[in-house]
Amino acid sequence: MLLLDQKWDGFEMKNVSLELHKAAIYRRKGGYKNLIESDEKDDKVFVAFKIDSIPERRPFLLSRDFAYVRPSGRNIEPFQGIIYRVVKSNLVLVEFGEDFYLEYDRACKYDVKFSFNRWHQTLLRNFLFPERVPQIRLAPTQLSISHKLDREQVSAVRQILSLKCPPPYLVEGPVSVTKMDGNTKRLSRSGVVVQEAVLQVYRTSPSCRILICAPLNSTCDVFTRSLKMQIPESEMFRANAAFRELDGVPFDILPSCLYKGECFSCPPRVEISKYKVILSTFMSSFQLHGVGIVAGHFSHIFLVDASSATEPETLVTLANLANENTVVVVTGALRDHSGWVRSPIARYNGLSCSYFERLRQSELYNGLDPKFMTQLQERETT
């Protein structure tokens, strides 16, 4: 793949006026639409400038990309800043270190260059558009896998355990949780594969950190209930959206949650980092990033039933918590579509296609190579 930084070489702005822009950044503690008194406020000073003056086609700037500035006509080391936000497509807000603000002169003109954040390139290459590259795989080990798994499931678990880095491993099969008589729910064949793989990683890798994400709270709850039979509550945390109703959480998994005041919350970074297994919906996984969990903290991320959610929803987890050393497993089914994309523009531009389905139809996976995916035949779990 062409290094994306090379595409930015021609984008340079000269004699640019930089202005300081003060802003209050709020960090919400609750799940409220409006700010409340207990929300934390952080006053920041950003450098603001417009990018309309670039003669060539403008670069597509993203939050966390880099901007480099130095006084025009001076051959000194440029100051590096991190792009915080692009407002209305042309006003760029950049956060610099204290060294820049000490040297800043409002009357001075600056030259500006941009650089693609390496993580964005990693995300594109390893997770969004993975290519057929030699995978780093662990040597096979002797495993004591549950006798309840059939040959296909055992093979899938062994493949997952041999992975050490991207691209994502796909498990194609029915949705992970199925309903039985009444309101009883149990794991399907693909769900059992995820459960067994999680348990094997937990038992064989003392340094593991595992994140399981799904589109539905009910799915996360079933996995929590199933795993807590073999993983101590002290090593497993169920993250919930702040606004989830308390009486909607099964009573037997409440000890794995944190309910504080009148809403659910996440423990601080130091405390939550101690958990070996964390479960969350795709969207609520952003809370982990919010309390300071960095990309690469988790050794394994399981995106369960990724075909039942929109691609942007699924990627909330990867964009904030995965890096080039994270093992990612994605489960789903081709005919299981996310049906709530209401915008015709979004549907026209491909957002009706889930992350799982788009990967499954790509060249890397459509050959059904067992090194990259397992296809489970549908039949009843015994």
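What follows is a set of questions about how parts of this predicted model are described.

Reader: What makes up the chain in terms of helices and strands, and how much of the chain is buried?

Author: The chain holds ten helices and 18 strands. Of its 382 residues, 48% count as buried. Among contacts with a separation of 6 or more, 72% are between residues 24 or more positions apart.

Reader: Why is C165 called buried, and what about C266?

Author: Buried means under 20% relative accessible area. C165 has 13%, so C165 is buried. C266 has 14%, so C266 is buried too.

Reader: How many disulfides does a search of the whole structure find?

Author: The search finds zero. A disulfide would need a pair of cysteine sulfur atoms within 2.5 Å.

Reader: Why is strand β11 described as largely enclosed?

Author: Strand β11 covers residues 210-214, and five of the five are buried, so the rest of the structure largely encloses β11. I210, I212 and A214 point one way from the strand, while L211 and C213 point the other way.

Reader: How do you know which strands pair with β11?

Author: Pairing requires at least two bridges between two strands. Five bridges join β11 to β15 (residues 277-281), and the two run parallel. In this pairing, L279 of β15 is the bridge partner of I212. Four bridges link β11 with β16 (residues 300-303), also in the parallel sense. There, I210 stands opposite H300.

Reader: How do you know that the length of α3 agrees with a helix?

Author: Helix α3 has twelve residues, 151-162, which at 1.5 Å a residue should span 16 Å; the end C-alpha atoms are 17 Å apart, so the two values agree. At the start of α3, a side-chain oxygen of D150 comes to within 3.2 Å of the backbone nitrogen of E152.

Reader: Which residues of α3 are buried, and what do they pack against?

Author: Q153, A156, V157, Q159, I160, L161 and S162 are buried. The buried residues of α3 pack against β8 (169-172), α4, β16, β17 (327-332) and β18 (373-375). As background, residues three or four places apart point the same way in an α-helix, because there are 3.6 residues a turn.

Reader: What makes α4 a covered helix, and how does its span compare with the expected one?

Author: In α4, 14 of the 16 residues are buried, and the helix is mostly covered. Helix α4 runs over residues 189-204 and reaches 22 Å from its first C-alpha to its last, close to the 22 Å expected.

Reader: Why is N240 called buried, and what surrounds N240?

Author: N240 has a relative accessible area of 1%, so N240 is buried. Its place is in the loop between β12 (236-238) and β13 (259-260). Leaving aside neighbours within four places in sequence, N240 is in contact with N217, V249, C257, F264, S284 and Q287.

Reader: What makes the link between N240 and R244 a polar contact?

Author: The side chains of N240 and R244 are joined at 2.7 Å, and the cut-off for a pair of N or O atoms is within 3.5 Å.

Reader: Is L187 buried or exposed?

Author: L187, in strand β10 (residues 185-187), has a relative accessible area of 9%, so L187 is buried. L187 and S176 lie eleven residues apart in sequence and 5.6 Å apart in space, C-alpha to C-alpha.

Methods. Residues are numbered from 1 along each chain as its sequence is written. This is a predicted model: local features need pLDDT of at least 70, side-chain atom pairs count only at pLDDT 80 or more; totals for chains, interfaces and linings use all residues. Side-chain values use heavy atoms; hydrogens and water are left out. Buried means under 20% relative accessible area, exposed over 50%, partly exposed in between (1.4 Å probe, protein chains only). Contact means heavy atoms within 4.5 Å. The expected span of a helix is 1.5 Å times one less than its number of residues. A polar contact is a pair of N or O atoms within 3.5 Å; within protein, one must be able to donate a hydrogen and the other to accept it, and residues adjacent in sequence count only if both atoms are side-chain atoms.
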